[in-house]
Amino acid sequence: MKIVDTKRVPKIEEKWNTEDYKLTSLNAKAKVNLNCTISPSEYNRVSTCTTAKEIWDKLQITYEGTSQVRESRIDILMHQYELFHMIENEFINEMFVRFTDIINGLKHLGRTITNSDLGRKILRSLTEKWDAKVTTIKEAHNLNTLELDELIGSLLTWEITLKDREGDHH
């Protein structure tokens with residue numbers, strides 16, 4: 001590309017230098033990689049793009065929206081995160097799937113929440129029947145270092161114990 005009257009226009013190939021050839025090659029490789037990873041319907045959406053950057057930008061807007069849409073999605077997901085709680089009679093696995101959907105949505109949009117905040121949120125979100133287990137976990141573990149998988153494993157184990165006890169009483 002070259003600048004003509006403040007606009008970028010393509011250089012004619014006879015005027016290309018080594019850097020132009022290198023950039024053209026890199027663009028071609030990037031386009032091939034992008035085109036190989038998208039579905040046929042996505043390809044139709046980007047087939048008129050001439051540069052990898054154009055393809056990337058179009059896909060980004062398609063899936064993430066404009067920055068305004070992106071911020072709006074983050075706001076909605078953060079609201080869902082803040083209001084998140086376990087539903088009465090919901091199993092830990094079901095709750096964790098709903099929680100993970102919110103967290104993954106946020107992560108995809110570039111908003112991450114620390115592991116310790118996620119663990120604390122889960123513990124706050126549990127129903128009243130979990131109070132004893134929550135207290136035990138808080139006393140036995142450093143919530144700043146407790147891995148989310150370990151926390152969920154502990155809750156699943158306790159859930160199995162509760163189900164077993166309920167079975168003994170019926």
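Which helix gives the largest share of the lining of the largest pocket? Keep that in mind as we set out.

Before you select anything, note that this is a predicted model, in which local features need pLDDT of at least 70, side-chain atom pairs count only at pLDDT 80 or more, and totals for chains, interfaces and linings use all residues. Residues are numbered from 1 along each chain as its sequence is written, and side-chain values use heavy atoms, with hydrogens and water left out.

**Stop one: the pocket**

Select Met1, Arg8, Leu23, Thr24 and Thr51, which lie nearest the centre of the largest pocket, among its 14 lining residues. A pocket here is an open set of points on a 1 Å grid over the protein atoms alone, where a 1.4 Å probe fits, with protein on both sides within 12 Å along at least five of seven lines; lining residues have an atom within 4 Å of a point. The volume is about 500 Å³, taken as the space filled by probe spheres set on the points, which are joined across faces, edges and corners.

Now colour helix H1 (18-37) and helix H3 (52-64), the elements that give two or more residues to this lining. Helices are DSSP runs (H or I, at least four residues), numbered from the N terminus. The opening question is settled here: H1 supplies the largest share, five residues.

**Stop two: H4 and H5**

Next, show helix H4 (residues 67-83) and helix H5 (residues 92-108), whose axes come within 10 Å and cross at roughly 150°. Axes are lines fitted to C-alpha atoms, for helices over the stretch in contact, and angles run from 0 to 180 degrees between N-to-C directions. H4 and H5 are therefore roughly antiparallel to each other, a label for angles over 145 degrees.

Display the side of H4 with Ile74, Leu77, Met78, Gln80 and Tyr81, which meet Phe99, Ile102, Ile103, Gly105 and Leu106 in H5; contact means heavy atoms within 4.5 Å. These residues divide into eight nonpolar, two polar and no charged (Ala, Val, Leu, Ile, Met, Phe, Trp, Tyr, Cys and Pro count as nonpolar, Asp, Glu, Lys and Arg as charged, and the others, Gly among them, as polar).

**Stop three: H6**

Look for Tyr81, Glu82 and Leu83 in H4 meeting Asp117, Leu118 and Lys121 in H6. This contact has three nonpolar, no polar and three charged residues.

Finally, turn to H5 and H6, packed at about 140° with axes 12 Å apart.

Key. Parallel < 35°, antiparallel > 145°, perpendicular 65-115°, else oblique.
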